[in-house]
Amino acid sequence: MSFLGYALVSIVGTLLRLVPWSSQTGLLEIGRPDRDSPVLLTCNFRLTVERVRRALRGVDAYLLVANSRGINVWCAATGGLLTNHDVLSVLKTSGIEDRVDHRQVILPQLAATGVEGRVLERKSGWKVVWGPVYADDIPLFLDTQLKKGAGMRQVRFPWTERLEMAASWAFPISVVLALITAVFWRHALVSAICVVWVLALVLYMSFPLYGRWLGSGFRGGAVLLAVFAVLWVAAMLVLASYAFALGYAPWGEIGRWGVLTFAVLGVMLIDLMGSTPLYKSGLHEDRILKVVLDEGKCRGVGYCEDVCPRDCYEVNRAQHSAAMPRAHQCVQCGACIVQCPFDALQFQSPRGETITPETIRKFKLNLMGKRVER
Amino acid sequence: MSMYVLMRILESAPGRYDKGLRVLTFGRLESAYDRLVSHVEQGQRVLDLGCGTGALALRSAARGARVKGIDVNSQMLEIARQKAEDAGLVDTVDFCEMGVAELDNEEADFYDVVMSGLCFSELTADELTYALEQAMRIVKPGGLLLLADEVVPGSFGKRLLKGLIRLPLAIVAYVWTQTTTHAVSDLPQKVEGVGFVLKSIRLTNLGSFMELVARKPVEDGE
Ligand SMILES: C[S@@+](CC[C@H](N)C(=O)[O-])C[C@H]1O[C@@H](n2cnc3c(N)ncnc32)[C@H](O)[C@@H]1O
Ligand code: SF4
Ligand code: SF4
């Protein structure tokens, strides 16, 4: 695909990031693969497919595009839309089995919340290797005999991604706002949209300033509220002083701007944490779950460490044991629990109820209520 | 995670599935399924691909067939099993969590009838081809393939009209179930392509819904 085409896909995909966008599923050849070339797999979110292809320039490989209903790997796998069946299906029906002599497929690590390596191996004979979180790391991963350092395992939230997040919130909000203001408040349409984009950009670009204090519980909520208050007051001050500078400041008008900025900030902040890969969504505070490790069952094989996007684990392969020195970073994705071959991990709620690996494998995150069995 | 809104809706989908579908199709689906299943006879072995809550599988079992229903959605299957129990059909119908991609585990020339309702339109292009090839392999010579599904209408005018009608429905269905379907194009040609012989085709709903009956030829022609 040409650069222009790629840029177009990127822009549209980013602006409409919250909306699914499917691409053709099946087998793609990257470069000139032969019978020993690596087999990689990704979801069929259009933007992801284009990014993976771009990251793989200069590599000879097969890329399998599995049916994730046009949704990115992380959301699809965690929400039950990219499952064992979808992966099995593309392995069996795409014709890849006739094209290579080996049976090893590299899956994106973030699919580990919904796709079980062991089930696939049992059902199809294909061995699953959890690749890097980011497609850009794939060439290095292939060059280093599939060694994945801590850096390749962790999710990050760099400014490029924050910019994308800002745009993917600002765009749909602007569309809705444009429709509303066009009817009720026509002369403010353009200014209102500018305000939305500025607020989104400020919110996400200043993330490093407050991001590390976010989290679950009372303190996290307080930080979120403080960010909200600061941004709202700042926005109001700027708007009000602008109005006074123009020498035109009817209170009604300022009041309306107040409501607008309040609502816009509210929408963007209500799930700010869920819009970052660093925190679990703050919307279900009732489910502050903790991963608990049963040392009696653990054999220290390290699948948990391999799939944890927050680097919570430290596995001692010599002593066949695992520990969670960085448990506070956990985003409760469940990947470690799903993949542990000895069922040594499970979730525990504050009230002491446990959620078994079996339940998590079955219901994923899409049955939120069902995760805590009542 | 920003997909939570959609997930919430998805969460309740299987429970609402039966009712939702009936409302969306105004009961026409029921009569289409009844017509298809009228080809099933007592004692036959039947396989229902993408059986969902068991609409076709249970109808066949009620006619005295031994039925296996497969689906990838475990929640749909739970409802199907419950319905089988309520209808007293647990001994003759078996529901398995299994995708069409696993049909290679089925024995060759085993089933009298392979059927599928509204499932092919949810498959990827590769899956559809694979499912048809496998159906041809596992059905007995002389056995039947029964399909009912949404298809792309033949003429341009109808396609356009259908597209206009379909759009709002597709959006509702999308919000409801988080999945889109792709009406199947050239279904009869695809069915013939893997070796079946077409017996009858019935088009309804402006040519956008197809009921298809095909037979696997007996060794030396029919
Ligand atoms: C629209 S429902 C139809 C269910 C049922 N046949 C009916 O008419 O009520 C389609 C079903 O196909 C299933 N399905 C989708 N892809 C499948 C696959 N690859 N293998 C097996 N079943 C699949 C879905 O889980 C869903 O239950
Ligand atoms: S995957 Fe399970 S058994 Fe292996 S190290 Fe982790 S907790 Fe222990
Ligand atoms: S420890 Fe937490 S963040 Fe890491 S894989 Fe397990 S659930 Fe996910």
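In chain B, helix α3(B) touches helix α4(B): E30(B), Y33(B), D34(B) and V37(B) on one side meet A55(B), L56(B), R59(B) and S60(B) on the other. Contact here means heavy atoms within 4.5 Å, and helices are DSSP runs (H or I, at least four residues) numbered from the N terminus. Keep in mind that this is a predicted model, where local features need pLDDT of at least 70, side-chain atom pairs count only at pLDDT 80 or more, and totals for chains, interfaces and linings use all residues. Residues are numbered from 1 along each chain as its sequence is written, chains are lettered from A and ligands numbered from 1 in the order in which they are written, and side-chain values use heavy atoms, leaving out hydrogens and water.

**The helix pair in chain B**
- By class, the contact of α3(B) with α4(B) has four nonpolar, one polar and three charged residues.
- For these classes, Ala, Val, Leu, Ile, Met, Phe, Trp, Tyr, Cys and Pro count as nonpolar, Asp, Glu, Lys and Arg as charged, and the others, Gly among them, as polar.
- The axes of α3 (residues 28-37) and α4 (residues 55-62) of chain B come within 10 Å and cross at roughly 45°.
- That angle makes α3(B) oblique to α4(B); under 35 degrees would be roughly parallel, over 145 roughly antiparallel, 65 to 115 roughly perpendicular, and the rest is oblique.
- Axes are lines fitted to C-alpha atoms, for helices over the stretch in contact, with angles from 0 to 180 degrees between N-to-C directions.

**The helix pair in chain A**
- Over in chain A, the axes of α4 (residues 84-93) and α5 (residues 117-124) come within 10 Å and cross at roughly 40°.
- So α4(A) is oblique to α5(A).
- N84(A), H85(A), V87(A), L88(A) and L91(A) in α4(A) meet V119(A), L120(A), K123(A) and S124(A) in α5(A).
- That contact divides into five nonpolar, three polar and one charged residue.

**Around ligand 1**
- Ligand 1 has 19 residues around it, and Y33(B), G50(B), D71(B), V100(B) and G117(B) come nearest; a residue counts as near if one of its heavy atoms lies within 4 Å.
- An N or O atom in the side chain of Y33(B) is 2.3 Å from an oxygen atom of ligand 1.
- D71(B) has a polar side-chain atom 2.5 Å from an oxygen atom of ligand 1.

**Around ligands 2 and 3**
- Ligand 2 is surrounded by 13 residues, the closest being C298(A), V301(A), G302(A), C304(A) and C340(A).
- Around ligand 3, the shell has 11 nonpolar, two polar and no charged residues.

Technical notes. Helix = DSSP H or I, 4+ residues; strand = E, 2+ residues; numbered from the N terminus. Polar contact = N/O pair within 3.5 Å; in protein donor to acceptor, adjacent residues only side chain to side chain.
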